[in-house]
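Colleague: Could you take me through one part of this model in close detail? I'd like to hear about a single residue and its surroundings before you go on to anything else.

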Amino acid sequence: MVVVTSQEMRELEKCAIEKFEMTEEILMERAGISTVQAIWNEYGSLSEKNFVVICGPGNNGGDGYVIARDILNYTEAVRVITLGEPKTEVSKINRNRFLKHGGIIYKYEELGLEKTIEMISSADIVIDAIFGTGLKREITDESIANLIEAINIYSNCVVSVDIPSGIDTDTGEILGSAVQATMTVTFGFPKPGHLLFPGRDLIGKLKIAKIGIPSQTFLSESFKRFLITGENLKKPLRPRWAHKKSFGEVIIIGGSKQYIGAPVLSALAAQKTGAGMVKIIGPSEVCDIALSYDPSLICYRMDSVSKDFVSSVVKNCSENSVIVVGPGWGQDNFDEKINILSFIITEIQNPVIIDADALNILSSNVDILKQKEITKSILLTPHPGEFSRITKLSTKEVKGNYTLAERFSEEYQVITVLKDATTIVTDGNTTFFNISGNTSLAKAGSGDILSGIIGSLISQHLDPLEAVKTSVYIFGIAGEMIQAEGFNSSYDVISKLPEAFSKI
Ligand SMILES: NC(=O)C1=CN([C@@H]2O[C@H](COP(=O)(O)OP(=O)(O)OC[C@H]3O[C@@H](n4cnc5c(N)ncnc54)[C@H](OP(=O)(O)O)[C@@H]3O)[C@@H](O)[C@H]2O)[C@H](O)CC1
Ligand SMILES: [K+]
């Protein structure tokens, strides 16, 4: 599903008007009517309910006037509270139409907070049409902040038009204060602010309404960001004649005296998601534990970290081999680990997934990535802390920062998988948001499992970007299958992977 920013939405609106003979009025009319339809579909007949619609000064408020007028067709119990004179022509037109239809408008300024609270608390449904995609700066006006707080405290049910007022459409950040919606009806396409936290927490149920922006087929070339859904995800082919080498192998380099389990989790996840052969290069302790979990693993005991040892195992691996480096690796023997990283980045052709401590080690010299051959696939799977070390920015600056991930991927020609409650996947040209999963995955070991799944799907000949999309989605679904959310260790999620996989 396509995801668009506020700027792209404005461009689409402009294109619909200039090239497809739509008008602002038609789009606003459809936005309003489709919101009323969504309310009906969700909450049933409107005639027995009473509504308060709160309209801001821009076109989001304009949608609010259309909604209020349309509700008049079902009930007279609809009142508008306005924050002031509409500032756009099309909003003015719709404010006047509402009045002509017998609508009542109260000015928030004159009503005061106390009376506003009375109206809000007596309404069955409050419609939040204060700000939409046009909000770009902090809400500093205290009276608006008080109104938003009153909505959050006193309303029974809040439907936000396009996006809860106060959320930055492009980042999901709260600009001072924001409405907590029960349902949000957005127009045309979801926006990043619906998918990234904290915005994702405030939207309630998200409905996407078509308002007459021409279908994707006319415009598809310009889209570059998407929400991952269960549809159209790629799965490896498993022909009946296949043998173990048909599915390639995953070679995991990781583990240390301190972190014994991490590469084992990666290896088991790779096994459970179809890899033909899974190998571990790590200390004896890691190998012993790994084999006790699954005797079909192949282990290479590397008790002192050595590039030559890694090279001897990896040099002659088949072209279907994928290397995962980093789970549980630790940062001791730093220089030799840099040598190993440099070797697998620059001297072998196979795809490489750089995870966990390998990312921390890489952050000392990210430019090694620039020495890779142009066709070689390198995937980085950082969480915000690791990405902050790589980019030398604060964790706050990198969290949810899809444009930063895009620029990074483009500069270094890698796929970046920025793991978080909403995961961002990008190769610099195309970006995907993944929202499957829950806090059952907010556990130590989750990242190791994900890198194992990604390695496994690439080894089964999926294109690396497709492999990541499928991996992050099914990993999320596996997390959702844990019966009591969070009552699990990350190890438990591995056993859910085959069933999660069968759902796509
Ligand atoms: N894009 C489409 O296809 C359609 C969009 N529709 C609806 O329109 C809004 C976007 O409308 P827009 O007028 O661009 O913006 P808003 O209504 O969200 O807000 C702009 C007004 O709010 C004022 N503002 C902005 N920030 C603040 C703030 N922090 N404090 C106080 N006031 C603020 C702003 O004032 P300025 O001084 O900056 O001018 C504006 O007055 C979209 O979300 C949809 O709901 C359509 O109707 C259908 C087509
Ligand atoms: K809104």
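Modeller: Let's start with Thr-422: leaving out residues up to four places away in sequence, Thr-422 touches Leu-195, Leu-196, Phe-197, Arg-200, Gly-400, Phe-433, Asn-434 and Ile-435. Bear in mind that this is a predicted model. Thr-422 sits in the loop between strand 15 and strand 16. Is it buried or exposed there? Thr-422 has 23 other C-beta atoms within 10 Å, and the cut-off for buried is 20 or more, so Thr-422 counts as buried.

Ala-421 belongs to that loop too, between strand 15 (415-418) and strand 16 (423-426). Ala-421, though, has 18 other C-beta atoms within 10 Å, which makes it partly exposed.

Both residues turn up in the UniProt record, an unreviewed entry, which places a "binding site" feature at Lys-419, Asp-420, Ala-421, Thr-422, Thr-423 and Gly-447. These positions span 29 residues in sequence, but no two of their C-alpha atoms are more than 13.8 Å apart, so they gather at one spot.

Now for some helices, beginning with a pair. The axes of helix 12 (residues 307-314) and helix 13 (residues 334-346) come within 9 Å and cross at roughly 30°. That crossing angle makes helix 12 roughly parallel to helix 13, and the crossing is right-handed. On the helix 12 side, Lys-307, Val-310, Ser-311 and Val-314 are the residues that meet helix 13. Their partners in helix 13 are Glu-336, Asn-339, Ile-340, Phe-343 and Ile-344. If you're wondering about the spacing, an α-helix has 3.6 residues a turn, so residues three or four places apart point the same way.

Helix 3 (residues 59-71) is worth a look as well. All of it is buried, 13 of the 13 residues, so helix 3 is largely enclosed by the rest of the structure. From first C-alpha to last, helix 3 reaches 18 Å, close to the 18 Å expected at 1.5 Å a residue.

Helix 2 (residues 24-43) passes the length check too: its 20 residues should span 28 Å at 1.5 Å a residue, and its end C-alpha atoms are 28 Å apart, which agrees. The buried residues in helix 2 include Leu-27, Met-28, Ala-31, Thr-35 and Ile-39. Glu-29 is also buried.

How values were computed
Residues are numbered from 1 along each chain as its sequence is written. Chains are lettered from A and ligands numbered from 1 in the order in which they are written. This is a predicted model: local features need pLDDT of at least 70, side-chain atom pairs count only at pLDDT 80 or more; totals for chains, interfaces and linings use all residues. UniProt positions are given in the numbering used here, feature names are shortened, and annotations may be inferred rather than shown by experiment. Helices (H or I, at least four residues) and strands (E, at least two) are DSSP runs, numbered from the N terminus. A residue is buried if 20 or more other C-beta atoms lie within 10 Å of its own, exposed if 12 or fewer, and partly exposed in between; C-beta atoms are placed from the backbone. Two residues are in contact if their C-beta atoms, placed from the backbone, lie within 7 Å. The expected span of a helix is 1.5 Å times one less than its number of residues. Axes are lines fitted to C-alpha atoms, for helices over the stretch in contact, and angles run from 0 to 180 degrees between N-to-C directions. Angles under 35 degrees count as roughly parallel, over 145 as roughly antiparallel, 65 to 115 as roughly perpendicular and the rest as oblique. A crossing is left-handed if the near helix is turned anticlockwise from the far one by less than a right angle, and right-handed if clockwise.
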